[in-house]
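Subject: Handover of a structure

Dear colleague,

Please find the structure below, handed over for your study.

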Amino acid sequence: MTAVFQKLLSPPLRSLFLHSWRFSSTLPLSFSPQFSDRNFSPTIESNLVLFLTSCAKESNFRLRSCLHASIIKSPPLVFFGNSLSNRSANLIYNCLLNTYCKSGELERAVKLFDDLPLKDTVSWNSLISGFLKRGNLKLGFGYFKSMLSSGICSFDQASLTSMLSACGGMESLEIVKMMHGLAVLSGYDDEVTVGNALTTSYFRCHSFDLGMRVFHEMADRNVVSWTAAISGLAQNEFYGESLNLFVEMHGGGMVTPNCLTYLSALSACSGLQALKEGAQIHGVVCKLGIQSDVCIESALMDMYSKCGSVEEAWQIFEYAKVFDEVSVTVILMGLAQNGFEEEAVQLFVKMVKAGNNVDPNMISAVLGVFPFDTTSQGLGVQIHSFVIKKGFASNVFVSNGLINVYSKCGELEKSVKLFNQMPRKNHVSWNSMIAAFARNGDGSKALEFYEEMKLNDVGPTDVTFLSLLHACSHVGLPHKGMEFLECMKKSYGMVPRMEHYACIVDMLGRAGLVKEAKDFIEVLPVKPDVLVWQSLLGACSIYGDIETGQYAADRLTQCAPDSPVPFVSMANIYSAKGRWKERAKTIKKMKENGIAKETGVSWIEIERKIHSFVVADEMHARGGDIYGVLMEMFGHMRDEGYVVDI
């Protein structure tokens with residue numbers, strides 16, 4: 001007996017309950033003759049409703065079955081014309097129906113619904129809500145239409161809000177508009193709950209204009225109304241408008257923001273990288289005493305991280321009394337976004353060793369920021385083992401991350417094996433494999449995977465085409481790459497990003513079509529950025545094209561005046577051509593401009609510890625030992641007749 005039922009059963013009711021039910025070897029059978037009177041007394045009726053309501057809340061299926069059996073054995077009578085008796089019967093039947101809908105036993109719920117002697121709006125709403133909460137919008141909407149066509153029951157505001165709460169994405173926009181029309185025709189559009197639901201649904205369907213129109217037309221607005229609009233704007237990346245609306249709400253003084261309102265405002269600050277406004281909101285939540293709320297802390301960490309203030313984000317994390325998987329994922333991403341990838345991985349390892357809860361989202365975040373330049377494949381294998389141990393291998397996001405880890409470590413076969421073992425694949429899975437083959441120089445296989453992807457009815461994304469362009473660049477298929485660019489624009493209606501244009505320039509340049517690459521840049525519909533000019537300059541370095549190289553270097557200097565790339569690249573081109581005076585002038589100019597060449601770093605892992613080195617390194621703890629071994633090796637090389645070029 002659960003604690004809830006111990007509390008619910010007062011002494012008189014407990015004796016009635018214990019006296020009335022008994023068990024069989026299969027199902028609870030029935031209540032005692034006290035319940036066999038088909039004209040339920042008000043007390044028994046209220047107790048039955050109380051039990052059924054508690055069954056729904058506590059998921060007590062055994063008691064629910066017993067109550068259902070009793071109702072089947074002694075159903076409440078329905079008298080046509082007797083509204084009071086029918087209301088009593090409907091209440092009992094609807095409570096029973098609700099228990100099945102809430103537990104997700106929709107087949108039984110439908111059977112019970114079909115057998116109901118009377119159906120009212122509550123009956124229809126329970127069944128509709130049951131399907132919608134299980135993600136079955138099609139059947140839920142189907143029963144809503146059946147209710148309208150029945151001619152007996154009419155919808156109410158609960159019907160509308162249930163339907164609206166299940167709508168999200170462009171594919172649901174027409175249903176939202178239909179609900180909006182019904183709300184206007186029935187007068188329910190004046191209800192604040194319906195207005196809030198409409199506002200939220202329009203934003204979830206990316207129809208922000210209609211969402212704001214509903215918001216502005218609402219006669220009464222509560223905190224939910226304002227929060228729905230502020231959150232909807234932020235989620236659709238209208239960060240400035242979202243923050244302005246929050247300021248209007250906060251300054252108006254008519255409605256007091258709640259925790260969710262502040263979360264939405266902080267999300268807008270994150271999107272805008274508005275550190276000043278975010279810090280002001282931080283001050284307000286501290287004044288209100290809600291800064292320790294785990295959701296507020298996560299939002300603050302995200303805001304500070306995206307504004308580049310990772311120290312403030314880390315301070316919030318360190319002083320947090322309670323943190324969950326979301327807050328840990330936020331700080332991991334924050335560290336990685338600010339160039340602390342190694343620290344992010346170290347924090348994850350520390351969390352695992354401390355026995356903290358780790359969820360698939362956290363692992364996916366770590367895999368996404370895996371620092372391949374400073375760590376080894378060994379850690380990736382350990383994370384993979386941890387994933388298997390925790391039973392996360394079937395998670396599509398975790399598997400996608402592992403595919404990327406292995407492919408970036410050069411373990412293409414393991415990436416393929418993981419992909420083939422995935423029970424469910426999404427477009428990211430296919431994109432990861434196409435990128436894996438392109439990254440490892442197998443462009444032909446990448447193109448094959450793209451054709452297989454289409455055969456599996458998985459639509460390409462802009463990331464897919466980015467990987468395909470990389471593949472064409474490595475394979476040397478510039479014409480195929482240009483076809484992909486046109487297909488991306490014309491067949492799928494995608495607008496190429498600067499990364500796509502840079503890939504095209506790189507592809508043409510690698511194929512020796514340097515002039516064509518330059519001509520391509522000159523007709524771009526957008527202003528070329530650093531990526532594009534670096535790609536052209538790289539092509540000139542390969543083929544020693546001094547004239548076009550200088551052209552690209554000048555444009556790159558304009559875009560990134562502090563970058564050493566144009567000077568170093570041109571110096572290398574001059575060196576390759578034996579033009580040492582021009583090389584010397586280029587290096588001198590770089591020094592005069594105060595630009596330093598980035599130091600190259602080498603690294604090696606020994607006994608799970610990473611050792612990094614630079615040229616003429618004197619900072620390593622065992623530098624003396626290393627130089628000693630190096631000189632000893634030089635001695636052996638001289639003895640073998642090799643002339644060392646030091």
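**Findings**

D457 counts as exposed, because its relative accessibility is 73% and the cut-off for this class is over 50%. Please note that the model is predicted. D457 belongs to the loop between α26 (443-455) and α27 (462-475), and has a positive phi of about 60° although it is not a glycine.

Q273 also has a positive phi, of about 55°, and is not a glycine. Q273 is found in the loop between α15 (259-272) and α16 (275-288), and counts as exposed at 53% relative accessibility.

Turning to charge, the structure contains 15 salt bridges. Side chains of opposite charge can pair when their charged atoms come close. In helix α28 (residues 478-490), E483 and K480 are three residues apart, and so are separated by about one helical turn; their closest N and O atoms lie 4.0 Å apart in a salt bridge. E486 and K489 form a salt bridge at 3.5 Å, N to O, and are likewise three residues apart in helix α28.

In helix α30 (residues 514-522), K515 and D519 are four residues apart, and their side chains meet in a salt bridge of 3.1 Å, N to O. K515 is exposed at 58%, whereas D519 is partly exposed at 32%. Elsewhere, a network of salt bridges links D462, R497 and E499.

Finally, a surface patch of negative charge is made up of D189, D190, E191 and D220. One of these, D189, lies in the loop between α10 (173-186) and α11 (192-204).

Yours sincerely

Notes. Residues are numbered from 1 along each chain as its sequence is written. This is a predicted model: local features need pLDDT of at least 70, side-chain atom pairs count only at pLDDT 80 or more; totals for chains, interfaces and linings use all residues. Side-chain values use heavy atoms; hydrogens and water are left out. Patches are made of residues with over 30% relative accessible area and no salt bridge: like charges are joined within 9 Å, nonpolar side chains (Val, Leu, Ile, Met, Phe, Trp, Tyr) within 5 Å. Accessible areas come from the Shrake-Rupley method with a 1.4 Å probe; for residues, only the protein chains shown count as cover. Lys and Arg count as positive and Asp and Glu as negative; His and the chain ends are not counted. The place of a charge is taken as NZ of Lys, CZ of Arg, CG of Asp or CD of Glu. Helices (H or I, at least four residues) and strands (E, at least two) are DSSP runs, numbered from the N terminus. Buried means under 20% relative accessible area, exposed over 50%, partly exposed in between (1.4 Å probe, protein chains only).
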